[in-house]
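Let's walk through a structure together, one feature at a time. Keep the view open while you read.

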Amino acid sequence: MEHVYIPTVEPDAQAIIMRGGREWRMVVEPVRWFERVAWWEQSRRMPRGQGRVDIEVWQVQVRLGNNPRSGIATWELVRDGTGGGWRLRGEELAAA
């Protein structure tokens, strides 16, 4: 999965996602949920020090930069438990 960077934003400001050196802006608030981690599929034991079984997932709708004519893309971002960053899980172009 590709890593993306979400810089801290001010309240009431449009959130930005940095992907591949390009700036994408969220067009609506992300939809957030948690999923169970299937750690048993990769290891016989839960990774030491992890102590968690859920991961945070955001579904976001973004557009490239400030271009209002840019198509809207829908991404699923998964919280990276090791460094607190985000990884891009799935991507599909929304019909806009």
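**A guided reading**

Q: Where does glycine 85 lie?
A: Look at the loop between strand S6 (72–79) and strand S7 (86–93): glycine 85 lies there. A strand here is a DSSP run of E with at least two residues, a helix is a run of H or I with at least four, and both are numbered from the N terminus. Before we go on, this is a predicted model, where local features need pLDDT of at least 70 and side-chain atom pairs count only at pLDDT 80 or more, while totals for chains, interfaces and linings use all residues. Residues are numbered from 1 along each chain as its sequence is written, and side-chain values use heavy atoms, with hydrogens and water left out.

Q: Is glycine 85 buried or partly exposed?
A: Buried means under 20% relative accessible area, exposed means over 50%, and partly exposed is in between (1.4 Å probe, protein chains only). Glycine 85 has a relative accessible area of 24%, so it is partly exposed.

Q: Which residues is glycine 85 in contact with?
A: Contact means heavy atoms within 4.5 Å. Leaving aside neighbours within four places in sequence, glycine 85 is in contact with Val78, Arg79 and Asp80.

Q: How many helices and strands does the chain have?
A: Zero helices and seven strands. Reading along the sequence gives β-β-β-β-β-β-β. Of the 96 residues in the chain, 28% are buried. As for contacts with a separation of 6 or more, 39% are between residues 24 or more positions apart.

Q: Which way do strands S2 and S3 run?
A: Two strands pair if DSSP finds at least two bridges between them. Strand S2 (residues 16–19) and strand S3 (residues 22–26) run antiparallel and are joined by four bridges. They form a hairpin with two residues between them, and in the turn glycine 20 has a positive phi of about 60°. To find your place, note that methionine 18 stands opposite glutamate 23 in S3.

Q: What about S3 and S5?
A: S3 and S5 also pair in the antiparallel sense, over three bridges. Methionine 26 has valine 62 in S5 as its bridge partner.

Q: How many salt bridges are there in the whole structure?
A: Start with the idea: side chains of opposite charge can pair when their charged atoms come close. A salt bridge is a side-chain nitrogen of Lys or Arg within 4 Å of a carboxyl oxygen of Asp or Glu. A search of the whole structure finds five. One of them joins arginine 25 to glutamate 23, with the closest N and O atoms 2.9 Å apart. Arginine 25 is buried, at 15% relative accessible area, whereas glutamate 23 is partly exposed at 31%.

Q: What does glutamate 56 pair with?
A: Glutamate 56 forms a salt bridge with arginine 79, the closest N and O atoms being 3.1 Å apart. That pair links distant parts of the chain, with glutamate 56 in strand S5 (residues 54–64) and arginine 79 in strand S6, 23 residues apart. Glutamate 56 is buried, with a relative accessible area of 18%, while arginine 79 is partly exposed at 29%. A polar contact is a pair of N or O atoms within 3.5 Å; within protein, one must be able to donate a hydrogen and the other to accept it, and residues adjacent in sequence count only if both atoms are side-chain atoms. The side chains of glutamate 56 and tryptophan 58 make one of 2.9 Å.

Q: Which residues are linked in a network of salt bridges?
A: Glu35, Glu76 and Arg89. Within that group, arginine 89 and glutamate 76 have their closest N and O atoms 2.8 Å apart. This pair also links distant parts of the chain: arginine 89 is in strand S7 and glutamate 76 in strand S6, 13 residues apart.

Q: Which side chain of opposite charge is nearest to aspartate 80?
A: Lys and Arg count as positive and Asp and Glu as negative; His and the chain ends are not counted. For aspartate 80, the nearest is arginine 87, 4.2 Å away, and aspartate 80 is buried yet has no salt bridge. Its side chain does make a polar contact with the side chain of histidine 3 (3.1 Å).
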